[in-house]
Amino acid sequence: MRQSFIFRNPSLLIFLACLAGFTLAITLLSHAYGSAFISTSFVKTLGKTLCLCLVAIAMDLVWGYCGILSLGHFAFFGLGGYMIGMWLMYARTELIIVQSLANAPIPATPQELRDAIGTQIFGVVGSADFPAIWMFAHSFWAQMALVVLVPGLLALVFGWLAFRSRVTGVYLSILTQAMTLALSLYLFQNESGLRGNNGLSGLQNLPGVTASQDFISIWFLWASALALGLGYLLAAWVVSGKFGSVVRGIRDDEARVRFLGYSVEGYKLFIFTLTAIIAAIAGALYYPQAGIINPGEVAPIASIYLAVWVAIGGRGRLYGAVIGAALVSLVSTWFTGGLVPSIRLGFYTIDWVDWWLVLLGLSFVLVTLFAPKGIGGLVDLIAGRLVPNRHGADYGPDTGSLQESEGRE
Amino acid sequence: MNRILRAALMLLAVSAMPLVAQTTPTPSPIQAPIQALLQEHRETIEKSSRRSIQPAIDAIRDSGLPAAKLVLEKWGARDMWQRKSDGLFFYVEEVAGSDLTLFDFADSTQIGNLPKSDFKQIKPNSGIQGLIALSLVKFQLSDPDPARRGAALDALARIGEAAQLPALRASIDSEPDPALKSRKQRLERLMTIRFGETDAERIAAIRHFAGDLGVDVRGALNPITATTRRAAPGSVPPQDMNVARILRPGGEALSRTEAYDLLIAAGLAPARLTIADQRAALIANINAGSSGGVAVSALDDPAARDRAYAGLVVAGLAPAAATGTEIDAALAAHVFFDTFAEPARPVTDAAQETLRSIELKVGINQSLDLALDALSLASIYFLAAIGLAITFGVMGVINMAHGEFIMMGAYTGYVVQQVIPDYTLSLIVAIPCAFAVTFAAGVAMERLVIRWLYARPLETLLATFGISIALQQLAKNIFGTQARPLTSPAWLDGQMVINDVVSISYIRIAIFVLALIFLGFFLFLMKKTRLGLETRAVTQNPKMAASMGINPDRVNMLTFGLGSGIAGIAGVAIGLYAKVTSELGADYIVQSFMTVVVGGVGNIWGTLLGATMIGFLQKGIEWFNPSNTLAAQTYMIVFIIIFIQFRPRGIIALKGRAAGD
Amino acid sequence: MSNLLEVSGVSVTFDGFRAINNLSFQIGSAEMRAIIGPNGAGKTTFMDIVTGKTRPDSGKVLWGEKTQNLLKMSEARIAQAGIGRKFQRPTVFEDQSVRDNLMMALQNPRAPVPVLFWRPARKDSTRVEALAEQIGLADALARKSGELSHGQKQWLEIGMLLAQEPRLLLVDEPAAGMTLAEREHTTDLLKEAAKSRAVVVVEHDMEFVRRLECKVTVLHEGSVLAEGSLDHVTANQEVIDVYLGR
């Protein structure tokens, strides 16, 4: 009767197998470990795409399963990036400074070292002092903890405020959007201590690692794939069983769940915070591959794009989110990279770099109107053909013949 | 030799002037008294040095000759030329090729065209020109042309000097224009503050301005109350100084470090050892792997560096640095105080008192100005949000493309302006055009997209967002990324100045008025018209409304079109005030939604209150930290998030079962 | 007999309209009660107050032996304390199977973390199957509840209520839209439930109320108009006036 968790979710196995196969294939085609068929920058693009898939899973959990259309999850993603970026930037600058000071006639005091690093990092915003928020930047482990803690706490506090006052639906969406806007405006200031609109840069260099970017990019691809796999497993496990039932119940009829005795606010807060942490981890893996993070990344529009990916992929199913994020972000890279040939109409030339957003916007409207289930809906169509959903009816004419639920096993 | 001869000649000329002048008007201008005066100062004029020129200018100005003003004007304009042969001065109207058209100063008669090579141009440098201009003020103050008198007052207010004060006073009584007269009187008081001869006179002038808001008054008083921080040996400040206050080192106003820096700067105490100096001294004295008796490798510790430096001092290799006790002693042996640049105590007292009275009034007026600013910001938010109040507040449709409708309205205004160059006319045409364009866009969007999604509000949000990014990119493709100007007509330029503190630009007044008109229009539409009734019916119960013969499709379409059209008009207004870019709408969309949500959905008065609250809040926060509008917006949003905790349904909330679920 | 629920002097105003006016009401721990009244009498608002959805302006709502004040508790806490509610429209989770619906309602820890690690034990499955048998949905456990007929959804909801094992059931128009046979089944279910717990049924249909064979409370304009057996209250002149109009 009781089956193991993995066997109850066949799509999980398929997904993990695909992910492993993909990672292996890229590794074998890379400069670092294989035939050098794929350029290192493309490996980075793929690694980044895996991170986007992970944040899309988080978005799917919070929106597709729990019904909270959060327009703030990319802010958590960005915050994760900022947290890891602080350590990367500090540690690397420290190495450079120590190296340059090694030739000085007398060794530097800790204070001099710190001042030199401060000048190097904050020179662009006309400052040399370390803001208080950089207190832990020198420690890898502390900063890694902050990757989880800062977005987690922000989500916890914001979620507690928002859910406690029973803000729901579009109001909640607008509120999360406002939170994102406030955060990005805050980061845009030089006084925020995170280098204002310059953001943090040079993140692609791992301090103390001498390997070339060819290798680093593959390592990050592995890390991203691992994170995506684990994130998918975690999400699938969370939504299976009674917790998933309750969460989907909240999406469909919040009041009813409340009258069943479940504290809806607690569940929402749990999901909101959990997904914020997943998003932050995805961001912490993404930005070292991107090399730079600035407040523009946290802008509200990024979070809306995230919702777009999930909607196009098909919400309420985890693989849908992954497909949507991967497809849209890769196609977007393809179009905006100027790789798609322009269309000459004689009187006008359609240059896809300019027209891609128009195309994306309109196709998004079409998906919303005509395919509300997204690309994932196709899977239903195909699966419906293969194993018709008989809703518990018998397979054969005789009573006592195979039930659908047994036939699936 | 030559000089004596010339002096004699001149004497002769002066004495014989009337006779000769009458008989031979040309070409013998030498006899005229003005020419004589010029000849008297010929050398200084030729030398053209700012330092020595003043007597010459003064002599001409005070000569009382009718031509004195002409000379000064022509000289200042570099139109004065000197004949090389005899050193006589003329003025030139026109330089035609190699010829000069010469005039005589005395009676402005034309002398004729003479070759340029015989003459030398007097070229006063800008410093001298300034002095000449200043001396001309005396003439200009009683010039028949009021504009020139005004210009002279401007010059005086800017660069006036003590010497002009009598001339100014003399010109007051004869001033016919009452406005200019009061300006002259005010300027006289202001100049008396600075240049008055007795303290009593100056104090009277200072007291005259109690409670006056003019920037010029504060400009005149501030230098008097400005202080300089000084240190002096002993325990009391020197007697000859006008001391504002005595400071205690280590107090709030003066830290011990600052106090000691003051002593160093005044040369009253030896410099402290800076970290850089210490490091340099240690590096300079590295000897066989150690410096000052400490191994170089150990010098990464401040304490070790101090020990090493002490070693250097003992060895006589570095100057002794001030120690803590020495600093204490130095601070104790000196007195620190702020002094006024103005030596007279009663004058500074009066100035401080007057400034205090002004500051209070300025504070009140600044609050008023701030309130006006906030009001105009509130009307902008209200304008941006009123369309949403219809589509979101009444119909419950989330339209993320609302901002893009505002943008479309602004671009329509820009396009109309390209076709119709007259700004007033184009504005009159642009408003209905913008309404028509965005109304059509709104209707199209409602028909094609939104009506299929009425039951799925979150998906409406996403679909309209898709439209929003498409429209934004489309605008970028058509109009480019740079900002397009939407120029306001001349009658909207400038600002209404109430006093030197409170002012508001006409365009903001216009936006405020427009906001009021829209409010009235909205109320009229919803409460008094058939469409308003039908809209309310459809939004409350579409099936019931349909069964009563209302076509919900048509009503929804019209209502949505209306909300969009109003956004278009708001776009024209906002375009006049801000730059027209494809991101124009995106900048307002979050605030607009906030306005509607904070105010309370479904109630126009709520939207009004929401806009007012957000406008005043943002200006209020900006007032605390004026340099940082980004921070103001951040804090405002945080405040709104907290505000929603206490009033989740907005300021004006619907109650009861109607508000449920 | 001590009262399980005691409502006293409760009033609610919506924008000037008095939905509940100084209402008092008691029910014992194993009792069936029907509440009847014309539209707008405050029947649903009364349920909203007891379940914590609406906060009254004044009055007291006390619960159980420890006389807890329900007005200070959230909806979820009230439900956990043992008050179950069935809505007027059948509200089940249509996207989920009948089994999941019942599992969710089973009396088990409700906090997020225990629920996250909770997996059904054998006794839970047995209980769900027994409940399904009781509400006549034993064959439909694997079906999505959205596919059930209207009456089946009503039963499923009653089944969910029973799964919660509440001490008080608030049932809003359970028979609406049911066939005659289905009504009888529903009546049996409710009567069975009332043997061990308190049941409050709000109903318009007098026939259905008669079949419940219980004490009846008549509400009018937010307060109690009459109380007693059905025959007693239908003989009351005031009640007749209210129902038939003056």
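This is a short walk through some local features of the three-dimensional model shown above.

Okay, housekeeping. What we have is a predicted model, in which local features need pLDDT of at least 70 and side-chain atom pairs count only at pLDDT 80 or more, while totals for chains, interfaces and linings use all residues. Residues are numbered from 1 along each chain as its sequence is written, chains are lettered from A and ligands numbered from 1 in the order in which they are written, and side-chain values use heavy atoms, with hydrogens and water left out.

Let's start with charges. Side chains of opposite charge can pair when their charged atoms come close. For a salt bridge, I mean a side-chain nitrogen of Lys or Arg within 4 Å of a carboxyl oxygen of Asp or Glu. Over all chains, the structure holds 51 of those.

One of them joins A:Glu265 and A:Arg166, with 3.1 Å between the closest N and O atoms. A:Glu265 sits in helix H11 (residues 264-290) of chain A and A:Arg166 in the loop between helix H6 (140-164) and helix H7 (169-188), so the pair ties together parts that are 99 residues apart in sequence. Helices here are DSSP runs of H or I with at least four residues, strands are E runs of at least two, and both are numbered from the N terminus.

The cut-offs are under 20% relative accessible area for buried, over 50% for exposed, and partly exposed in between, with a 1.4 Å probe and protein chains only. Both residues also belong to a salt-bridge network with A:Glu254, A:Arg258, A:Lys268 and C:Glu75.

Over in chain B, B:Arg83 and B:Asp86 form a salt bridge, again with the closest N and O atoms 3.1 Å apart. B:Arg83 is buried at 16%, whereas B:Asp86 is partly exposed at 29%.

Now, B:Glu446. Where is that one? B:Glu446 is in helix H18 (residues 423-448) of chain B, and at 0% relative accessibility it is buried. Its side chain meets that of B:Arg447 in a salt bridge, 3.2 Å from N to O, and B:Arg447 is partly exposed at 22%. There's also a polar contact of 2.4 Å between the side chains of B:Glu446 and B:Tyr454. A polar contact is a pair of N or O atoms within 3.5 Å; within protein, one must be able to donate a hydrogen and the other to accept it, and residues adjacent in sequence count only if both atoms are side-chain atoms. Setting aside residues up to four places away in sequence, B:Glu446 touches B:Arg451, B:Tyr454, B:Asn556, B:Met557 and B:Phe560, where contact means heavy atoms within 4.5 Å.

The buried residues of H14 include A:Trp352, A:Trp356, A:Phe364 and A:Leu369. What do the buried residues pack against? In chain A, helix H12 (300-313), helix H13 (318-336), strand E3 (343-344) and strand E4 (349-350); in chain B, H18 and helix H19 (457-479).

Staying in chain A, look at helix H8, where A:Ile218 is found. A:Ile218 is buried at 0%, and beyond its neighbours within four places in sequence its contacts are A:Ile26, A:Thr27, A:Ser30, A:Ala32, A:Tyr33 and A:Val43.

A:Tyr33 also shows up in a nonpolar surface patch of about 340 Å², with A:Val209, A:Trp219 and A:Trp222. A:Val209 is in the loop between strand E1 (200-201) and helix H8 (213-239), and is partly exposed at 32%.

A:Cys18 is exposed at 51%, and A:Cys53 is buried at 2%. The sulfur of A:Cys53 has its closest cysteine sulfur in A:Cys51, at 8.8 Å, too far for a bond.

B:Arg78 isn't a glycine, but has a positive phi of about 60°; it's in the loop between helix H5 (68-76) and strand E1 (80-83) of chain B. C:Thr67 isn't a glycine either, with a positive phi of about 40°, and lies in the loop between strand E4 (58-63) and strand E5 (68-69) of chain C.

How values were computed. Patches are made of residues with over 30% relative accessible area and no salt bridge: like charges are joined within 9 Å, nonpolar side chains (Val, Leu, Ile, Met, Phe, Trp, Tyr) within 5 Å. Accessible areas come from the Shrake-Rupley method with a 1.4 Å probe; for residues, only the protein chains shown count as cover. A disulfide is a pair of cysteine sulfur atoms within 2.5 Å.
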